[in-house]
Amino acid sequence: MSTDTEVELTDSFYMIIESLKRNGIQNIYGIPGIPVTALIRSWQADGGKFFACRHETNAAMAAGVAGYLTGVPGVCLTTPAPGFLNGLAGAANATTNGWPMILLSGAAQRRNTDLQQGAFEEMDQLNAARPHVKAAYRINHIRDIPIGITRAVRTAVSGRPGAVYVDLSHEMLTGTMPAEEAEKLLFTPVDLTPKQLPDPASIQRAADLLKGAKNPLILLGKGAAYAKIDNEIKALVEETGIPFLPMSMAKGLLPDNHPQCAGAVRSFVLPGADVVLIIGARLNWLLGNGQGATWGNQLKKFIQIDILPQEIDSNVPIAAPIVGDIASSVAALRTALKGASKAPAEWLSAISERVAQSREKLAPRLQVKTAPGMMNYQNSLGAIRGVLAKYPNTTLVNEGANALDNTRMIVDQYQPRRRIDSGTWGIMGIGMGACIGSAVVTGDPVVAVEGDSAFGFSGMDVETIVRYNLPVTICIMNNGGIYKGNEANAGGFAEPAPTAFTPGIRYDKMIDAFGGVGKNATTPEELATMLEDSIKSRKPTLINIVLDPDAGVESGRISGLNIERKKKK
Ligand code: OXT
Ligand code: ADP
Ligand code: MG
């Protein structure tokens, strides 16, 4: 008798599935194909959830968003070469946003790939991934699976979170080993996100600065939302009496209608503040890189809490850096500030007055009447705003240009981590993936407010939303194009302008075709009723919102970043 028949063997699929489970992974998003189809079937057979998407980028976006919302890396599984490359776009987005995720991909035989002999879907995926992820690892042997998967998970969640690529080599995927030995290799990791305590001296320096401030401001970023210390952040804000400004995805960490929220007067508080406490935000393009007109052309005294040391002084000098995790740093800062007097009342009342004015100015614009089929961003979003206020546990997914900027301004958020958007890169294409990821991990309703162009980047995954019966409502802000739908070809030719789509598209018919609910809204009243019905029903729904094709401006609020032609023809 040969040894093979005497020793019970196990295979790499078992080792991958067990290792993922021991790392807390319950869901995988992806697309099957050679060589991972059987792995996916085995995962499902074992009770794991698999969300089969229609494009790997959307699967990877779903995984990234799931990672952001839960703190457990979202996992995306792809086939080699193009499947992997599609997934890589979502992994790069997760890395850029600081979201934990893992991209697992099957790969062609290393023997042929390394000699460039032309294997099926041959590609040097490890090296292609490297610049776009926090780390890229390859598991070459079945014995390395438990360590390899845990290493990926620990890398994804520790420090500044990000995406990790794991190359599942063909040789490894076909491997077997004795079952008894395999069991000894499997393990559950201990303390995946240990505390990273700040230096007490850095806390004292920051507390002293804040105590001496006349016009202090707290800037909350999505790192603060990710830290999930919502009550402690609320306590810091309320104990100090310091006004706060949320970055886009930090909206709702404290409610937008909180008396200290300065969201409605951004261009007053950024130049007006003297000391700014940044919690989990980067001084990148979204904050004028910490300088210039955004800040009144003055260098502020910045206190910055971040887990990544090299984020400090990345754009401008930081007067009081605090390097540590947000939970430990905020706790230490609160202790150091005990007994300190509150922020000057004049500063807060000047802000409150302006916030009230700003909100009053906006209110009538949200009610304006327009002819049927000629809605604008303000009255359509006014309707959406009213409905969402009744369902604060809804996750809002948002992308576009005008569709993005107006929604951020008009729709208030009331709960933490309920807004997912184009993020740090300002990209289109997060839409349907973000809907899938957030619906899966929260179980709560999701409403996507999508520019009609933005929607096109991920639109086919509406079918996935219908197939898994996810409680998602997709609202398409249909102005017929990118920024506007009525631009003519600049040369006066008959072909369309680069920004214009086919007029009068009925996106609602798309979801009809898949068996979901399609609606066409021509007035704010219709829209409000359709949206509320849809949230209540939890049925996958798409509402085509018919806007005036002239509604919208070039590039929304960031038109200043455009480059105009220097020499006119
Ligand atoms: O204080 P001031 O006076 O300044 O006022 C501010 C607030 O105080 C006030 N406010 C309020 N007032 C009253 N009440 C309330 N509640 C309130 N809240 C706020 O409102 C203003 C604005 O507030 P905000 O937003 O805080 O302030 P501001 O100054 O705008 O903030 C600056 C920024 C930079 C932080 C902010 O603007 C921001 O976050 N911007 C993000 C911009 C972004 O990411 N844009 C997306 C990219 S645009 C472009 O690249 C597009 N592409 C190209 C492309 C991309 N991106 N990706 C890929 C993969 N391929 C191609 C494309 C194709 S957009 C696009 C499609 C566009 O077409 P669509 O059809 O999809 O969309 P439509 O435009 O709708 O047609
Ligand atoms: P926003 O886009 O909202 O301004 P960014 O993504 O630019 O936010 O910044 C988030 C910051 O938060 C990153 O610099 C990241 O390193 C930091 N961060 C994320 N999680 C933590 C944490 N738990 N503790 C400390 N810093 C964190
Ligand atoms: Mg549009």
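This is a predicted model: local features need pLDDT of at least 70, side-chain atom pairs count only at pLDDT 80 or more; totals for chains, interfaces and linings use all residues.
S453 is buried, with a relative accessible area of 14%. If we leave aside neighbours within four places in sequence, S453 is in contact with I482 and F501. For a sense of distance, take I17, which is 436 residues away from S453 along the chain: the two C-alpha atoms are separated by 38 Å.

Which residues of the protein are donors to the magnesium ion, ligand 3? They are D452 through OD, N479 through OD1 and G481 through its O atom, lying 2.1 Å from the ion. Written along the chain, the spacing of these donors is D-x26-N-x1-G. D452 belongs to helix α20, residues 452-456, while N479 is in the loop between β17, residues 472-478, and α22, residues 508-514, so this pair ties together parts that are 27 residues apart in sequence. Are D452 and N479 buried or exposed? Both are buried.

Staying in that loop between β17 and α22, we also find Y483. Its phi is positive, about 75°, although Y483 is not a glycine. Y483 is partly exposed, with a relative accessible area of 24%.

N297 is not a glycine, and its phi is near 55°. N297 lies in the loop between β11, residues 275-279, and β12, residues 301-306. With 62% relative accessibility, N297 counts as exposed.

While we are on backbone geometry, look at the peptide bond from I34 to P35. That bond is cis, with omega near 5°. P35 itself is placed in the loop between β2, residues 27-30, and α3, residues 37-45.

Next, N58. You will find N58 in helix α4, which covers residues 56-70. At 2% relative accessibility, N58 counts as buried. What does N58 touch, not counting residues up to four places away in sequence? The list is G429, G433, F457, S458 and D461.

Now the chain as a whole. How many helices and strands are there in the protein chain? There are 23 helices and 19 strands. Along its principal axes, the C-alpha trace spans about 90 × 65 × 55 Å. A compact globule of 569 residues would have a radius of gyration near 25 Å, and the protein chain has 25 Å, which agrees.

Of the 569 residues, 55% are buried. As for contacts between residues at least 6 apart in sequence, 76% of them join residues at least 24 apart.

Last, charge. The protein chain carries 55 positive and 54 negative side chains. The centres of those two sets lie 6 Å apart.

To go back to the site I started beside: D452, N479 and G481 are the protein donors of the magnesium ion, and D452 and N479 are both buried.

Note on methods: Residues are numbered from 1 along each chain as its sequence is written. Chains are lettered from A and ligands numbered from 1 in the order in which they are written. Side-chain values use heavy atoms; hydrogens and water are left out. Donors are N, O and S atoms within 2.8 Å of the metal (3.2 Å for Na, K and Ca); water is not among the atoms, so sites may look incomplete. Helices (H or I, at least four residues) and strands (E, at least two) are DSSP runs, numbered from the N terminus. Buried means under 20% relative accessible area, exposed over 50%, partly exposed in between (1.4 Å probe, protein chains only). The radius of gyration is taken over C-alpha atoms; the globule rule is 2.2 Å times the number of residues to the power 0.38. Contact means heavy atoms within 4.5 Å. Lys and Arg count as positive and Asp and Glu as negative; His and the chain ends are not counted. The place of a charge is taken as NZ of Lys, CZ of Arg, CG of Asp or CD of Glu.
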